[in-house]
Every structure is written in structure tokens, then in C-alpha cells.
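Student: I have this model open on my screen and would like to walk through it with you. Could we take it one question at a time?

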Amino acid sequence: MATKIVYSLSSLNRILNGAAYQDARFFILLDENSYNNCIPLLISRVSALETAEFLEVPIGEECKSLEIASQLWQALLESNVDRNTVIINLGGGCVSDLGGFVAAGFKRGLRFINVPTTLVGMIDASIGGKTGVNLMDCKNQIGFYYAPDVICIESAFLDTLPDREMRSGIFELLKTFIIADPEQYNQCLTQLGNGEVALSDELIRNCATIKTAVVKQDPKEKNIRKILNFGHTFGHAIESYSSKTDHPFTHGEAVGLGMACALYLSVNKLNLPEMVLNDYAKILNSMVSVPKFSLKECEDLLSYMRQDKKSVDGLILCVLLQEIGTPVIDVLIDENEIRDTLLHLSKL
């Protein structure tokens with residue numbers, strides 16, 4: 001069954017009160033943030049979930065582990081769930097990654113629904129059927145392609161987000177538009193230069209529609225879906241490395257830094273106009289404290305990149321940009337190019 005995307009909790013309520021979920025038992029997977037800030041709105045608008053049971057997990061990447069997944073499977077087993085059970089993932093990308101993974105692995109597959117509460121979740125993480133947990137500090141090393149029944153994007157949840165989380169989502173927004181919609185990308189960049197993006201329901205929907213269309217063409221990331229990884233090869237390494245420091249980056253911030261790295265390489269390898277890099281770098285520096293990496297840190301980051309699931313036979317592949325809206329997949333990047341890029345990041 002194809003995933004259905006709806007854009008209001010009232011639409012979700014109609015679905016859950018329909019025949020397909022008539023005898024369903026609901027479990028809501030959430031963290032402390034979504035429990036405190038999002039449950040009241042969800043329950044007030046979705047009557048079918050008034051008697052749902054809760055499964056609470058740690059906040060952030062800490063929840064994406066085999067240990068936590070095992071604890072959730074044990075809780076489901078002890079609750080005597082059957083194949084008619086439905087998991088509702090209420091939260092950001094970490095919750096949807098974990099919840100989808102748990103649903104995919106239990107009893108050979110439970111139904112699940114994503115209700116993203118962050119901008120990153122709404123435009124990226126909840127869409128596409130990728131589920132996964134981390135292993136030994138490396139992101140998303142274990143997982144399944146397993147699609148949700150429904151994705152409910154309710155923009156009212158964004159009112160609960162702190163500014164930093166909103167900025168984190170803006171980078172994923174820019175990533176989507178720079179690879180697929182030059183006009184929208186330039187509009188967003190101009191708005192950010194003037195202080196803020198006019199974040200509308202239409203903008204969120206446009207972004208979600210782009211990702212959905214790409215995923216439909218290539219569900220298991222054999223070809224064109226790889227364009228959605230723009231900025232992520234460097235970004236995942238930066239995110240994983242920084243998580244062990246006193247100043248960790250959010251996923252979106254790390255992707256934003258990774259996009260700058262990819263643009264720098266695009267200028268050098270694919271003749272992307274340097275102005276594209278310069279314009280982006282101005283916005284990046286206004287939103288994030290760009291790190292200055294030492295040679296030792298570059299080697300540490302390289303070790304993470306070698307473990308990236310997109311690497312092939314130890315070779316590091318990146319998505320680069322020929323021009324705005326024209327991504328190129330599977331570009332081989334040698335390790336000296338990576339070192340040079342990381343050392344230049346703070347100078348962009």
C-alpha cells in the first residue's frame with residue numbers, strides 16, 4: 001500500500017476512525033519533548049488516539065540504538081500486541097527513524113504512522129520509508145526500507161519548536177530546493193539574507209512533494225534518490241564527531257555544514273559557479289558557528305566518512321552540484337580532497 005500524506009490532524013482523525021483501523025490498537029512512540037508539547041494537540045484533534053498507550057524514549061540520537069529498540073520490542077511483547085497494532089511516531093526524525101525500525105522488525109512488520117513535530121521531520125525524515133538505528137556512533141548503520149501507512153504533516157506543531165530547531169530544518173529545506181527547484185532556492189536564500197524565511201504551509205508542502213516524487217521513482221536508493229543525500233556524507237560525519245564534543249551540532253546544522261563542503265568540491269570538480277558557494281556561505285555563517293577543524297580532527301572525520309553507508313569498497317562517494325537544480329551522484333572524492341575541504345570550511 002502506498003503511503004498517504006495528509007496535512008492536518010483532522011484528516012488523520014478521519015482515517016483512524018475509518019474501516020482500515022476499526023479494530024486497531026494504538027501505541028504512541030514519543031520522547032519527553034513531544035510528550036510535553038505535542039500530546040495535548042494530538043489527542044484533542046484525533047479522538048481515535050484517546051485510549052492509545054505510550055512508549056517513551058530518550059531525546060535525540062540517544063534513542064536510536066539496538067538497546068532501545070530491544071526494550072521497545074520487549075514492551076510490545078509483554079503487552080501482547082498482535083499484527084493489528086499500529087505505532088504512531090510522534091516527534092522529530094529520531095523518533096520516526098526508531099519507530100519505523102521497531103515496527104518493521106516486530107512480528108515481521110507492524111503498521112505505523114509518522115506524525116512529525118519538527119521541520120526536519122516534516123520535510124525530510126518522516127518521508128521515504130527509511131528506518132534505522134545507529135551503531136558504534138555511526139549513523140543509521142542498521143535499518144530497513146519500510147514505509148508508513150500515513151504521514152500526517154500538521155504545521156501547528158512547529159509553534160512548539162525552539163529557534164535552533166527551526167534553523168536546523170531550514171537547512172534541509174535549502175538542501176531540497178538547491179537540488180530540485182532553483183527558483184524556490186533563490187527565493188529562500190534572499191529571504192534568509194533579509195533575516196528570515198517566510199515559512200508557509202505551501203513551502204512545507206512543496207518540499208515534501210519534491211522528496212515524495214523522488215522516492216517514488218527510486219524507493220530503495222539505487223539511483224536518483226541518492227540526490228537527497230546532498231550534504232549528508234560530510235554532514236553525518238560532522239554530526240557524529242560533534243556528538244562527542246561539548247558543542248554538538250544538530251542534524252540540520254551538520255547537513256548545512258556538509259552542504260558547504262559539497263559546494264566547495266562542486267566548484268573545484270564540476271565548475272559550479274563560485275558565486276553559488278559564496279552566496280550560500282554568507283547564509284551559513286549567519287546561522288551557525290562554523291568550526292575550524294585541525295588536521296587531527298580531519299582524520300577523525302575521515303574515519304566516520306569511511307564508515308558511511310553510501311561508501312563503496314572503501315571509496316567515498318558524494319553528491320555534487322553542476323549548477324543549482326542539477327545534482328550529480330556518485331562522484332568519487334579522494335581523501336586529500338576531503339582533508340582540503342574540511343580545512344577550508346571555516347574560510348568560506
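**A guided look at the model**

Tutor: Happy to! Keep in mind that this is a predicted model. Let's start with Leu16, which touches Tyr21, Phe26, Val46, Ala48, Leu49 and Ile113, not counting residues up to four places away in sequence.

Student: Is Leu16 buried or exposed?

Tutor: Leu16 is found in helix H1, residues 9-16. Its relative accessible area is 3%. Buried means under 20%, so Leu16 is buried.

Student: How far apart in space are Leu16 and Leu49, C-alpha to C-alpha?

Tutor: Leu49 is among the residues that Leu16 touches. In sequence, the two are 33 residues apart. From C-alpha to C-alpha, the distance between Leu16 and Leu49 in space is 8.4 Å.

Student: Now a lysine. Is Lys175 buried or exposed?

Tutor: Lys175 lies in helix H7, which spans residues 163-180. Leaving aside neighbours within four places in sequence, Lys175 is in contact with Asp124, Leu228, Phe230, His232 and Met259. The relative accessible area of Lys175 is 1%, and the cut-off is 20%, so Lys175 is buried.

Student: Let's turn to helix H9. What span would be expected for H9 at 1.5 Å a residue?

Tutor: Helix H9 covers residues 201-217, which is 17 residues. From its first C-alpha to its last, H9 reaches 25 Å. That is close to the expected span, which is 24 Å.

Student: Why do the buried residues of H9 count as being on the same side?

Tutor: The buried residues of H9 are Leu203, Ile204, Cys207, Ala208, Ile210, Lys211, Val214 and Val215. They lie on the same side of H9 because the arc they cover around the axis is only 150°.

Student: Which helices do the buried residues of H9 pack against?

Tutor: On the other side of H9, Glu202, Lys216 and Gln217 are exposed. The buried residues, by contrast, have helix partners: they pack against H6 (119-125), H7 and H8 (182-193).

Student: Which element gives the largest share of the lining of the second largest pocket?

Tutor: The second largest pocket holds about 340 Å³ of space. It is lined by 17 residues, and those closest to its centre are Thr3, Gly128, Ala147, Val215 and Lys216. By class, the lining divides into ten nonpolar, four polar and three charged residues. The largest share, three residues, comes from H9.

Student: And the cavities? Which element gives the largest share of the lining of the largest cavity?

Tutor: There are three cavities of 30 Å³ or more, and the largest contains about 90 Å³ of space. Twelve residues line the largest cavity, with Lys139, Gln141, His236, Tyr304 and Asp308 nearest its centre. The elements that give two or more residues to this lining are strand E7 (138-145), helix H10 (232-242) and helix H13 (295-306). The largest share, four residues, comes from H10.

Student: One last topic, the backbone. What is the phi of Asn80?

Tutor: Most residues other than glycine have a negative phi. Asn80 lies in the loop between helix H4 (66-78) and strand E4 (85-91), and at 64% relative accessibility it counts as exposed. Although Asn80 is not a glycine, its phi is positive, at about 55°.

Student: Where is Lys107 found?

Tutor: Lys107 also is not a glycine, yet it has a positive phi of about 50°. At 37% relative accessibility, Lys107 counts as partly exposed. You will find Lys107 in the loop between helix H5 (93-105) and strand E5 (111-116).

Note on methods:
Residues are numbered from 1 along each chain as its sequence is written. This is a predicted model: local features need pLDDT of at least 70, side-chain atom pairs count only at pLDDT 80 or more; totals for chains, interfaces and linings use all residues. Side-chain values use heavy atoms; hydrogens and water are left out. Buried means under 20% relative accessible area, exposed over 50%, partly exposed in between (1.4 Å probe, protein chains only). Contact means heavy atoms within 4.5 Å. On a 1 Å grid over the protein atoms alone, a cavity is a set of points where a 1.4 Å probe fits but cannot get out, and a pocket is an open set with protein on both sides within 12 Å along at least five of seven lines; lining residues have an atom within 4 Å of a point. Grid points are joined across faces, edges and corners, and a volume is the space filled by probe spheres set on the points. The expected span of a helix is 1.5 Å times one less than its number of residues. The arc is that of the directions from the helix axis to the C-beta atoms. Ala, Val, Leu, Ile, Met, Phe, Trp, Tyr, Cys and Pro count as nonpolar, Asp, Glu, Lys and Arg as charged, and the others, Gly among them, as polar.
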